[in-house]
Structure formats: structure tokens, C-alpha cells
Amino acid sequence: MPEPAMTAPLVLCIVLPLLGALFATALPGRAVAVGIVTALVTAAAAVALTLAVWEQGTLHLVLGGWEPALAIALRADGIATALVLMANLVALGISVYASGYFQDAIRIRSFWPLWLLLWAALNGLFLAGDLFNLYVMLELLGISAAALGALTGNREAIAANLRYLLVGLLGSITYLLGVAFLYTAHGSLDIGILAAAIAANEQLFAVDAAAMTLMISGLALKAALFPLHFWLPPAHANAPAPVSAALSALVVKAAFYLILRLWLDVFAPVTGMAAAMLLALLGSAAVLWGSWRALRAARLKLLAAYSTVAQIGYLFLFLPLLVATPEGPARDNLLAALLLMAVTHGFAKAGFFLAAGLVQTNAGHDRIDELGGTAQRLPATTFAIALAGSALIGLPPSGSFIGKWLLMQQAIATGQWWWVVVILAGTALAAAYVFRVLSRAFGLEPTPLRFITDPRAEVPALVLALVSVAVLGLASGPLWTLLGLSGADA
Amino acid sequence: MTAQLLYGGAGLMLFVLGIWSFLVHEPLLRKVIALNITGAGVFHVLIAVAYRGDAAPPDPVPHALVLTGIVVAVSATALALILGARLQDSDDDA
């Protein structure tokens with residue numbers, strides 16, 4: 001049992017936002033203050049967790065003194081910690097932005113409790129050690145996300161988020177049936193125990209494969225993997241800006257994290273090249289279709305939403321390469337590259353949506369073709385869109401440049417060269433849709449006097465975009481250390 | 001054993017029927033009911049799993065899962081219905 005001081009952040013990451021949600025509900029008049037304080041302490045807990053995992057390696061905690069088979073188990077390994085750190089820093093930026101975004105009292109009172117609840121569910125999902133807690137966190141995440149997305153209150157937003165809620169429920173019920181299969185076969189829900197049981201009982205292959213199919217298809221629906229992405233663009237494009245940022249950067253990522261966790265840990269003996277190829281083919285379709293639709297989108301937020309469909313697609317391209325690559329530095333590099341792409345997209349897409357929201361507020365609309373003047377009146381915001389855009393394309397020195405580089409290197413090394421074609425085509429399309437936005441920003445308007453006009457709204461977007469390009473690209477080395485991987489530093 | 005298989009099999013059938021109905025029917029209320037039937041199917045399977053013969057007490061873990069699942073299903077249904085009601089209101093206004 002590790003020191004309590006070491007495992008405390010593990011609990012705090014989930015308990016703090018949950019308490020904050022309660023306080024924000026009980027004290028609606030001070031919801032903003034409660035929200036900001038909670039955001040600060042939760043982000044601090046996530047940093048403490050990262051430091052603890054950095055020093056100690058994987059942390060485990062069994063709550064309430066029960067035996068692991070019954071108790072709620074939490075665990076933080078390198079993959080979970082990297083995503084927790086990303087999610088909490090992005091969430092802090094979103095909170096600062098949101099503190100000035102909502103104007104009327106009803107929206108402020110509704111936003112903060114739901115937002116903190118969503119935050120607790122996210123951290124709970126990344127840190128849960130058993131499949132049923134994952135189900136509960138998944139549902140909590142889906143319900144709070146749909147309620148937040150509908151906060152705009154207009155018809156499109158409500159219709160899109162109602163659809164999002166129903167699709168999400170279908171996904172989690174399918175996942176739960178898979179969990180029931182696994183419990184029938186192996187009598188446990190703990191990820192570690194299940195992984196050992198699945199590896200030991202090869203005669204139960206059929207049940208395990210059925211459970212895997214159910215769970216991964218349920219989650220693919222939530223992760224918006226092509227062709228199950230249809231619900232995402234309207235839901236993300238019509239939500240309030242801080243919510244769009246959270247949905248696109250974090251919530252979709254959480255569903256992907258679960259797929260990865262199941263793929264790598266639980267179902268490692270069951271996964272095969274055929275399943276990996278199928279998922280990667282859908283991923284390729286997502287890259288091409290999502291980027292194409294982003295290029296054709298008339299509105300800035302719709303462009304960002306379709307770009308999320310494409311960026312999730314890239315993450316699935318890693319699966320067949322992970323299957324084909326034997327244990328060793330090359331596989332470690334591939335895993336780190338996957339995390340680097342996911343984390344970079346988290347920062348970049350959050351920054352992009354926050355900046356797009358500001359453009360929308362200032363212009364009164366977000367039709368790309370008519371944004372020229374507005375973009376030029378907001379130089380810091382336009383700069384944030386450009387930075388985030390360069391991370392979405394994968395230009396150096398962004399984190400996704402290194403991620404895509406390692407991905408293509410390994411695709412060639414394992415003889416699966418066709419993914420390189422998909423990546424290059426996706427990158428070219430991404431460059432086209434980002435420059436289509438930026439080209440509107442350099443019209444004939446007079447040069448603005450100030451770089452930053454509204455610090456509370458502009459600085460979070462700028463910082464998040466900057467992290468995705470500069471910090472993750474130039475200083476990605478620590479990620480390898482955090483993941484406890486040996487691979488040569490990129 | 002036969003009872004357990006019948007119960008679990010019925011659960012699976014409910015699951016499939018629920019998904020079919022969810023995908024085929026357009027009205028919101030039918031979709032919500034279909035989702036609840038899908039959920040009930042999964043709960044049936046879990047309850048069948050918990051049965052350990054007439055002599056032994058049932059396994060409490062699947063029962064706990066079903067209870068939690070019911071709470072989640074009720075809250076999600078409530079949210080879906082309130083969003084649906086809002087949608088209807090905005091249609092009436094227009």
C-alpha cells in the first residue's frame with residue numbers, strides 16, 4: 001500500500017469537482033466564484049497526481065477497505081495520467097473563459113454545476129480501475145454533456161443534443177451488455193483480474209470476442225468513429241463555445257481512451273489484425289470524410305466539429321501498427337506518439353473552439369466567408385486560431401507533427417504503407433481548411449491598435465493553442481518518461 | 001439451469017428488439033421506450049447471471065449493477081423527456 005500522501009491526489013481529482021458541483025448548486029449566487037476556485041484546486045490536484053506518478057510509477061488505490069473484487073478501485077498509470085493532466089489544464093482554461101462567457105443568471109446557475117459534474121466524470125473515467133465504475137462515469141459524462149450542450153436553448157441545439165443523449169445511451173447500454181458477458185465468463189469486473197483471466201482461459205475466446213465487439217462498438221458510437229459520427233457535428237457546433245471546447249477536446253477523447261484501455265489491457269489476447277484493420281479502415285474514412293466536410297463547412301464551429309471527426313480517425317490508425325509491432329522501443333514510440341496526438345488535439349481543439357466562440361460573439365455569426373473584418377479586429381484570437389490550426393494540420397513544431405511522423409515511420413516499417421497515403425491526404429485537406437479560415441483574416445481593414453482586447457476570453461484560447469504547438473512539440477520528451485517507456489526520444 | 005437460460009435468453013431478445021425499435025421508429029417517445037427496453041434486456045441478463053442455484057444465495061454484484069443501471073436509466077429518461085418537451089414548446093411557439 002503506497003503512502004496516503006501519494007494516493008490522495010487520485011481521490012481528490014474526482015472528489016473536488018464533485019464537491020464543487022454540490023456547492024455551485026447550493027450557492028447559485030456564487031456559482032462563478034465556486035467554479036473558478038474548484039477549477040484551480042482540481043487542476044492543482046491533477047498536477048500533484050502527475051508528479052506522484054512521475055516519481056512512483058503506476059498508483060493503485062482500493063477505496064473503503066474492501067477487497068479488490070468488491071471495492072471501487074482507482075488506478076493511475078502513465079497513459080491515464082497524461083490524459084488527466086491534459087484534460088484538467090484544458091478544463092482550467094475553459095473555466096476561465098466560461099467565467100466571462102455566460103451573461104444571464106439562469107445559464108450561469110445551470111452551467112457551473114453541470115460543468116463541474118462533467119469534470120468529475122472525466123477524471124473518474126480516466127482513473128477508474130473496474131469496468132462498472134467506467135460505465136457509471138460514462139453515463140454521468142454523457143448526461144452532463146448533453147445537458148450542457150443544450151444550454152444554448154435554441155431549437156437546433158436542443159434537437160442535436162437530444163440526439164446526442166439518445167445515441168450516447170445506446171452506446172453505453174451496448175457497452176454494459178459486454179460487461180455482463182465478461183462477468184458471466186470470468187466473475188470479475190476489475191481490469192487487472194479480467195486481463196489475467198482472459199489470457200488464462202483461451203477456451204472462452206468466443207464469449208470474450210463477443211464482449212469485445214459489443215463494448216468497442218458501443219464506445220465507437222460515443223467516440224464518433226466514422227460512420228457513427230453523424231451526431232457529433234450538429235451537437236458540437238450548436239453548443240455554447242466553452243461547452244463545444246469541452247465536448248470536442250475532452251469528452252470524445254474519454255470514449256477513445258476507454259477503447260484504447262480495453263484494447264491494450266483487457267482484450268490483449270483477443271484482439272487480432274482483422275479487428276484492428278477494420279477499426280483503422282473506419283479511422284481512414286473518418287480522416288478523409290471529416291477533413292473533406294470541414295473544408296466544405298460554411299460555419300467556423302461546424303468546421304471545427306468535422307475536424308474533430310477527422311482527428312479521432314487518426315487515433316484509430318495506430319491500432320493495426322500496435323498489433324504488428326513487437327514489444328520494444330518501436331512499439332513504445334508508437335504508443336507515445338498516439339498519446340501525443342490525442343493530447344495535442346485536446347489542447348489545439350479547445351483553443352480553436354474558444355477562439356471561434358469569441359469570433360462568433362463579436363461578429364454575431366460564424367459564417368466563414370464573412371468573417372474578414374472581425375478576425376482582423378481580434379488579432380490575439382486570430383493568432384490562436386492560426387496556432388491551433390497548425391497543430392491540427394501537424395506542422396512542426398506542434399506535438400501532432402511528431403505524432404504523425406512516428407506513425408508514418410512505423411507504417412512504412414511494418415509494411416502497411418497505405419496508411420501513409422491516408423495521413424498525407426488528411427494533412428493536405430487540413431492545411432486547406434485551416435488556410436481557408438486564415439485567408440479571411442488578412443483583408444484590407446486597418447491594423448488594430450491592441451493585440452489583446454478581452455484578456456479573460458482571449459488569453460485561455462491563446463495559451464491552450466500555444467501549448468499544443470510549442471510545449472508539446474518542443475518538449476515532448478517527458479511524456480516518454482511519464483509513460484515509463486524506453487523508446488528513443490523523438 | 002433451464003430457468004436461468006430462459007431468463008438470460010429473453011434478456012438478449014429484449015436487447016435486440018429494443019435496438020431494432022430504437023433504430024426503426026422516428027418519434028422521440030418510442031425511441032425513449034425502446035432504449036428502456038434495451039436496458040431492461042441487459043438487466044435481465046445480469047439477473048440471470050446472479051442466479052447460483054436454489055440452495056445458494058444469488059451473487060450480489062450483478063444485483064448492484066442492475067440497481068445502479070436502473071437509477072442511470074431513470075435519470076437519462078427524465079433528461080430526454082425534458083429536452084423533448086422543450087423541443088415541442090419551441091415548435092408550438094414558431
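**A walk through chains A and B**

Chain B has a mean pLDDT of 90, with 98% of its residues at 70 or more; pLDDT is the predictor's confidence in each residue, from 0 to 100. This is a predicted model, in which local features need pLDDT of at least 70 and side-chain atom pairs count only at pLDDT 80 or more, while totals for chains, interfaces and linings use all residues. Residues are numbered from 1 along each chain as its sequence is written, chains are lettered from A and ligands are numbered from 1, both in the order in which they are written. The model as a whole scores ipTM 0.95 and pTM 0.92.

Let us turn to chain A. It holds 19 helices and two strands; helices (H or I, at least four residues) and strands (E, at least two) are DSSP runs, numbered from the N terminus. Its C-alpha trace spans about 70 × 55 × 40 Å along the principal axes.

What share of chain A is buried? Buried residues are 60% of its 490 residues, where buried means that 20 or more other C-beta atoms lie within 10 Å of the residue's own, exposed means 12 or fewer, and partly exposed is in between, with C-beta atoms placed from the backbone. The largest nonpolar core has 227 residues; such a core is a set of buried Ala, Val, Leu, Ile, Met, Phe, Trp, Tyr and Cys residues joined through C-beta atoms within 7 Å. Val90(A) and Leu141(A) are among the members that touch the most others. Beyond its neighbours within four places in sequence, Val90(A) is in contact with residues including Ala249(A), Phe347(A) and Leu464(A); contact means C-beta atoms, placed from the backbone, within 7 Å.

Leu141(A) also turns up beside Ala121(A), a residue of helix α4 (residues 105-127): leaving aside neighbours within four places, Ala121(A) contacts Met137(A), Leu140(A), Leu141(A) and Ser144(A). Ala121(A) counts as buried because it has 25 C-beta neighbours inside 10 Å.

In α5(A) (residues 131-149), 18 of 19 residues are buried, and in α6(A), 27 of 32 are. α6(A) reaches 46 Å from its first C-alpha to its last, close to the 46 Å expected at 1.5 Å a residue, the expected span being 1.5 Å times one less than the number of residues.

Where do the chains meet? 22 residues of chain A are in contact with 24 residues of chain B. On the chain A side, α5 and α6 (155-186) are the elements that give two or more residues, and α6(A) gives the most, with 15.

Finally, look at the loop between α8 (205-222) and α9 (232-238) of chain A, which holds Pro227(A). A cis peptide bond, with omega about 0°, joins Phe226(A) to Pro227(A). Ala224(A), in the loop between α8 and α9, has a positive phi of about 60° although it is not a glycine.

Terms used: Two residues are in contact if their C-beta atoms, placed from the backbone, lie within 7 Å.
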